[in-house]
Amino acid sequence: MKFNTKTIHGGQDNVDPAYGSVMPPIYQTSTYSQSTPGGHKGFEYSRSGNPTRASLEKSLASIENGNYGLAFGSGLAAIDAVMKLFKPGDEIISTNDLYGGSYRLFTSIFEGLGIKFHFIGMQDAAKIEDYINPNTKLIWVETPTNPMMNIIDIEAVSAIAKKNDLLLAVDNTFATPYLQLPLDLGADIVMHSATKYLGGHSDVVMGGLVVKDEKLAEKLYFIQNASGAVCGPQDSFLVLRGIKTLHLRMQRHCENGEAVAKFLRSHPKVDKVYWPGFEDHPNHDIAKKQMKGFGGMISFTTKENTLKSATQIVEKLKVFTLAESLGGVESLAGHPATMTHASIPAEERAKTGVTDSLIRLSVGVEDEEDLLADLKHAIG
Ligand SMILES: *Cc1c(COP(=O)(O)O)cnc(C)c1O
């Protein structure tokens with residue numbers, strides 16, 4: 001099956017043995033009757049497994065070219081499950097330009113439990129080797145990064161991981177499997193905030209993991225069941241429904257993203273535009289090699305590099321909604337310095353480029369003309 005077919009049919013055979021409904025029923029149940037102790041039809045208790053969630057998990061595995069999918073109550077719950085594979089003394093090397101919530105989970109929870117993290121720039125993959133020692137267990141990669149849209153060469157990092165017998169996990173939230181397939185590039189674990197593009201309609205919070213290896217899947221399933229951060233059947237249904245149009249939405253996100261990126265770059269009041277599709281983006285060649293398109297996430301700064309100018313722009317936007325999050329059908333604008341990245345001190349933010357005038361856009365699937373007109377009006 002090719003990708004577009006997989007988004008609709010992947011793992012979806014016989015979702016309703018009772019009546020043959022095309023969509024899986026929402027099995028809104030916590031438990032399942034047994035004919036004799038232990039005599040059940042594959043499901044005992046909905047933390048351990050639920051048929052609607054199982055349909056979604058099979059879909060996730062299919063679209064990411066993996067063998068096993070696991071769905072969680074949020075993206076962070078999925079990352080939390082990965083971290084529970086490790087024990088005190090273990091070390092993890094992570095990208096430094098990273099989703100703020102992942103950074104908080106790593107430093108405020110798991111560092112306190114004895115896991116050591118190294119946050120490094122990975123645009124030059126060879127640099128990773130300087131941080132590997134006998135305690136290193138995992139490399140954690142986010143690409144494209146948030147909000148600076150740096151691209152990391154998954155294949156190159158994977159070669160280093162394999163050489164040193166380390167696991168490689170990739171947060172594929174921004175790219176989605178439509179644009180990039182980390183397992184095919186050598187990653188062991190793919191992680192998603194399904195809240196974003198997979199769900200795609202800003203109506204659910206959910207996370208997912210996909211792996212190829214059976215033993216790793218068993219360990220993660222044990223954690224999913226033992227820790228219990230699962231998602232409900234209604235939300236599973238919604239994300240499954242979202243995935244069925246992922247390829248259509250992503251195609252438009254990419255088209256609109258390109259139009260917005262080019263518009264911004266040509267605007268006299270705009271300073272820098274961060275979008276991996278530009279030929280002079282520092283990691284454009286890697287993006288071209290490992291991604292099918294460049295996505296709908298764009299960050300930019302204005303020449304009047306002040307908090308006031310950025311605030312005025314985001315307040316004037318009408319089609320773009322000022323809000324956290326990304327990946328929905330509607331266009332969103334965010335101001336990292338005061339929103340997603342507010343907890344990071346200004347000097348630290350400036351080092352990675354998150355200045356006071358940086359605005360991040362999640363370009364939706366509206367008409368391009370309306371999006372450009374909105375930006376034109378707001379930037380002035
Ligand atoms: C949103 C997000 C997360 C966290 O997911 P939640 O569903 O909000 O818990 C992790 N990584 C990236 C890249 C994200 O954008």
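On a 1 Å grid over the protein atoms alone, a pocket is an open set of points with protein on both sides within 12 Å along at least five of seven lines, whereas a cavity is a set where a 1.4 Å probe fits but cannot get out; lining residues have an atom within 4 Å of a point. Grid points are joined across faces, edges and corners, and a volume is the space filled by probe spheres set on the points. The model is predicted: local features need pLDDT of at least 70 and side-chain atom pairs count only at pLDDT 80 or more, while totals for chains, interfaces and linings use all residues. Residues are numbered from 1 along each chain as its sequence is written, and side-chain values use heavy atoms, with hydrogens and water left out.

The largest pocket holds about 560 Å³ of space. Its lining comprises 30 residues, of which Leu76, Tyr99, Gly100, Gly101 and Arg104 are the closest to the pocket centre. Helices (H or I, at least four residues) and strands (E, at least two) are DSSP runs numbered from the N terminus. At least two lining residues come from each of α3, α4 and β6 (189-193), and α4 contributes the most, with seven. By class, nine residues of this lining are nonpolar, 15 polar and six charged; Ala, Val, Leu, Ile, Met, Phe, Trp, Tyr, Cys and Pro count as nonpolar, Asp, Glu, Lys and Arg as charged, and the others, Gly among them, as polar. The largest pocket lies between domain 1 (3-243) and domain 2 (247-379), because both give residues to its lining; the domain bounds come from an automatic or database domain assignment.

Three cavities of 30 Å³ or more are present.

Helix axes are lines fitted to C-alpha atoms over the stretch in contact, with angles running from 0 to 180 degrees between N-to-C directions. The axes of α3 (residues 75-83) and α4 (residues 100-110) come within 10 Å and cross at roughly 40 degrees. The crossing of α3 and α4 is right-handed, the near helix being turned clockwise from the far one by less than a right angle.
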